[in-house]
Amino acid sequence: MLTGLWILYLPVFTFAQTGIIKGRVFDHKNNEPLPFVNIIIDGRPTFGATTDDKGNFIILKVEPGYVHLIATYIGYRKYISEDFLVTNSHPVILDLALDEQAFTLPTMEVKPSSVARKEESPVSMQKLSIQEIEKSPGSNRDISKVIQSLPGVGTSVSFRNDVIVRGGGPGENRYFLDGVEIPNINHFATQGASGGPVGIINVDFIREVELYSGAFPARRGDALSSILELRQVEGNKEKFAGRFTLGSSDVGLTLDGPVTRNSSLIFSVRRSYLQLLFTALKLPFLPTYNDYQLKYKIDLNRNNQLTFISIGALDHSKLNTGIKNPDETQKYLLGYLPNYDQWSYTFGLVYRHFRAKGYGTWVFSRNMLDNEENKYKNNQVVPDSLLLKYKSQETGNKLRYENYMDFVKWNVTYGAGLEYAEYTNKTYQKIFLGDSLKIIDYNSSLGLFKWNIFAQVNKSFFNERLDLSLGFRMDANNYSKRMSNLLNQFSPRFSASYAIVADKVFLNFNTGRYYQLPAYTTLGFRNNNGKLINDSTGIKYISCDHIVLGMEYQPTLLSKISVEGFLKLYGHYPLSLRDSVSLASKGSDYGVTGDEPVSPDSKGRAYGFELLYRNNDLFEFNIIMSYTYVRSEFTNFSNQYIPSSWDNRHLFNVTVGRKFHHHWQTGLKWRFAGGAPYTPWDSDKSSLVIAWNVQGRGYLDYTKFNSLRLKSFNQLDIRVDKSFFFKKWSLMIYLDVQNVLNFKAQQPDLLVNTRADGTIGIYTDDKGLRRYELRTISNIAGTILPAIGIMIDL
């Protein structure tokens with residue numbers, strides 16, 4: 001009774017608590033402080049401040065919750081920040097970078113970051129604020145899942161984080177954290193691609209996310225479908241603060257505070273407890289993941305900054321062989337799933353030097369992935385039962401220089417990069433190929449130098465009605481003579497944007513050619529004699545030509561409506577010599593992809609259009625609504641275009657959120673995807689005892705690759721948040737329910753038949769071949785999944 005009354009009166013007590021916003025306003029191009037800048041909280045005009053002669057400001061007595069700032073200064077573009085959370089437990093520290101205005105435009109409207117546009121990327125670029133990430137229903141604070149609500153972004157299956165953008169494969173994306181490339185952003189990542197079941201990035205560090213599905217800046221390369229830029233928050237230079245999180249699958253701790261007067265540190269660790277839940281549920285596999293994230297920044301002086309970041313993961317998944325009397329499905333999963341061990345890390349050092357008209361940035365980073373798998377027949381760990389033993393490492397050491405020069409009416413970016421990468425692979429595997437058992441047994445070691453140069457120029461005309469951007473990039477490496485010439489990978493790009501109605505209606509265009517190096521698993525694949533098979537088949541950079549045309553209408557400061565048509569034309573995509581399938585359709589399963597013989601002979605095409613409606617304040621609702629029509633096809637050995645595994649055709653997403661009094665917030669997300677193509681089973685091959693025993697599951701009939709389609713997929717997720725703000729600490733609680741409508745995805749699967757007497761069905765055919773009796777079952781996935789999360793800020 002007393003507890004219930006206490007909870008009832010919590011909202012009354014929390015309203016008395018207030019927070020503080022501090023920060024610095026400076027010129028984006030040279031880091032010079034801007035004095036006398038007017039700053040207000042949007043929607044609360046009586047709460048504001050003016051910067052002092054050092055560009056510093058402070059706003060006191062701010063009611064807790066998500067807010068954003070508006071900064072105005074004569075001669076500079078008006079600025080609206082992204083949303084951020086104010087609590088009473090510690091001040092919010094913000095850096096606001098203003099851009100000098102090229103022309104005097106008194107009627108020019110303010111644009112918040114969610115609808116802001118970039119000269120080099122007027123199309124195919126979307127932004128998400130931390131509030132949209134934190135409160136996204138069904139995403140469990142996982143960035144890879146959050147971006148699936150954006151136009152053009154699909155997914156493979158609901159329990160994985162594969163990022164499928166405009167019909168491209170899951171290995172065609174690149175990720176950058178404060179300018180440092182992060183090759184792996186998921187736990188249990190698929191080597192050779194990038195997907196996995198759970199994200200590594202801790203959103204407590206994230207300030208804003210930008211997703212480019214085209215119109216890539218020249219400084220970013222080695223991607224065909226998307227670039228994801230993640231900007232981290234600045235550390236607290238005044239006092240230590242902390243956040244404890246308890247989610248549905250992990251527990252974490254984040255610490256934030258000063259190290260010296262001019263430096264700050266943010267550090268977090270997380271550990272999952274899934275293995276405890278899976279053991280209790282008698283699931284056949286027991287995963288455990290751990291991760292850390294770190295950012296240390298020091299302002300050496302006004303013109304020089306140094307930032308060190310690091311992120312890493314340690315993952316382990318073992319089979320739950322202790323299940324007593326496993327059922328048929330449990331036996332099936334135990335029969336083919338391997339044991340996994342994986343760890344990875346990235347660290348980067350970013351040095352930035354400001355000048356009067358720009359700045360130079362040096363980025364040095366190192367990343368490493370260690371991946372191991374093993375599988376024994378019937379899970380009996382004896383030498384004769386070994387089916388798979390795989391150990392591989394990928395290491396990258398990168399140095400990049402970027403120079404940015406801002407001349408107000410136009411700006412220039414140019415630079416170069418150098419990388420030394422190492423790849424090792426020790427594989428022993430039994431496979432059934434053709435009509436016989438084969439053994440793959442090789443060691444591979446590959447050292448690779450890579451280099452690149454890039455440049456881009458942006459300029460505005462006609463009082464900023466017309467924006468033009470022209471850039472190029474060239475990449476090369478020493479793997480072979482085919483790829484060592486920069487000119488062979490000349491990557492031009494051009495963007496144009498014209499304001500048909502000033503600051504309201506825009507006609508946008510982009511075209512470019514992009515290149516990506518095939519995965520190290522493909523480059524380093526050898527036969528049992530040690531020969532680099534795919535070097536001899538002529539493997540080369542994959543190319544993709546983009547053409548994008550769109551229109552955008554911004555009816556208010558907080559909303560936009562856009563339509564974009566896109567065409568992507570692929571060349572030299574690796575084509576499997578085993579099954580005549582383009583590697584573009586692979587990479588969404590666990591383990592490894594690309595470690596097979598290929599030829600660079602597959603072509604591809606992805607095309608369609610996107611519709612987007614976005615409004616940050618429609619009757620106090622935050623709405624993102626998108627529809628994408630997409631076709632994705634790649635050629636086989638016969639040069640026939642076959643639907644890829646990502647040819648869903650229709651993608652529809654709606655995300656709605658709303659704040660209520662007393663710090664309540666609710667949201668829902670509904671996703672629809674047209675039926676994905678799939679391949680039927682080869683029952684004849686699968687029934688062979690020697691074939692089944694090697695793989696532990698059926699074989700696909702690649703002569704009928706993607707000839708069938710699943711039923712359409714849809715999922716409704718709902719989330720409710722409640723925040724409590726006390727004198728020195730804050731409490732945030734949320735309830736997230738995924739798949740509220742209990743949608744069931746179904747796909748045919750093969751099982752070895754167990755007879756009524758408990759024996760395995762097995763027989764000898766008229767050719768003397770021993771075969772299993774197989775039966776088809778419906779593999780059903782999907783259930784209502786509730787989750788509760790708790791966050792405590794101190």
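Burial first. Of the 794 residues in this chain, 57% count as buried. Keep in mind that this is a predicted model. The chain exposes about 33100 Å². Carbon and sulfur atoms supply 60% of that area.

Now the overall fold. We have nine helices and 47 strands. The radius of gyration is 27 Å, close to the 28 Å that the globule rule gives for 794 residues, so the chain is as compact as a globular protein of that length. Along the principal axes, the C-alpha trace spans about 90 × 75 × 45 Å. What about contacts across the sequence? Take the contacts with a separation of 6 or more: residues 24 or more positions apart account for 66% of them.

On to charges. Side chains of opposite charge can pair when their charged atoms come close. How many salt bridges does a search of the whole structure find? The count is 49.

Pair one is Arg 302 with Glu 32. Their side chains meet in a salt bridge at 3.5 Å, N to O. Which parts of the chain does the pair link? Two loops, in distant parts of the chain. Arg 302 is in the loop between strand E22, residues 285-301, and strand E23, residues 304-319. Glu 32 is in the loop between strand E1, residues 19-27, and strand E2, residues 38-41. The two residues are 270 residues apart.

Pair two is Glu 328 with Arg 775. This salt bridge comes out at 2.0 Å, N to O. Glu 328 lies in helix H5, residues 328-336, and Arg 775 lies in strand E46, residues 774-781, so the pair ties together parts that are 447 residues apart in sequence. Glu 328 is partly exposed, with a relative accessible area of 25%. Arg 775 counts as partly exposed as well, at 30% relative accessibility.

What is the burial here? Asp 475 has 11% relative accessibility, so it counts as buried. Arg 473 is buried, with a relative accessible area of 7%. The cut-off for buried is under 20%.

Then the network. Which residues are linked by salt bridges in it? They are Arg 605, Arg 631, Glu 633, Asp 647, Arg 649 and Arg 709.

Tyr 289 has 1% relative accessibility, so it counts as buried. What does Tyr 289 touch, leaving out residues up to four places away in sequence? The list includes His 187, Phe 188, Val 198, Arg 270, Arg 271 and Leu 314. Ser 249 and Asp 250 are also among the residues touched. With those two, there is a polar side. The side chain of Tyr 289 makes a polar contact with the side chain of Ser 249, at 2.9 Å. It makes another with the side chain of Asp 250, at 2.8 Å. One distance for scale: Tyr 289 and Pro 677 are 388 residues apart in sequence, and 32 Å apart in space, C-alpha to C-alpha.

Key: Residues are numbered from 1 along each chain as its sequence is written. This is a predicted model: local features need pLDDT of at least 70, side-chain atom pairs count only at pLDDT 80 or more; totals for chains, interfaces and linings use all residues. Side-chain values use heavy atoms; hydrogens and water are left out. A salt bridge is a side-chain nitrogen of Lys or Arg within 4 Å of a carboxyl oxygen of Asp or Glu. Helices (H or I, at least four residues) and strands (E, at least two) are DSSP runs, numbered from the N terminus. Buried means under 20% relative accessible area, exposed over 50%, partly exposed in between (1.4 Å probe, protein chains only). Contact means heavy atoms within 4.5 Å. A polar contact is a pair of N or O atoms within 3.5 Å; within protein, one must be able to donate a hydrogen and the other to accept it, and residues adjacent in sequence count only if both atoms are side-chain atoms. The radius of gyration is taken over C-alpha atoms; the globule rule is 2.2 Å times the number of residues to the power 0.38. Accessible areas come from the Shrake-Rupley method with a 1.4 Å probe; for residues, only the protein chains shown count as cover.
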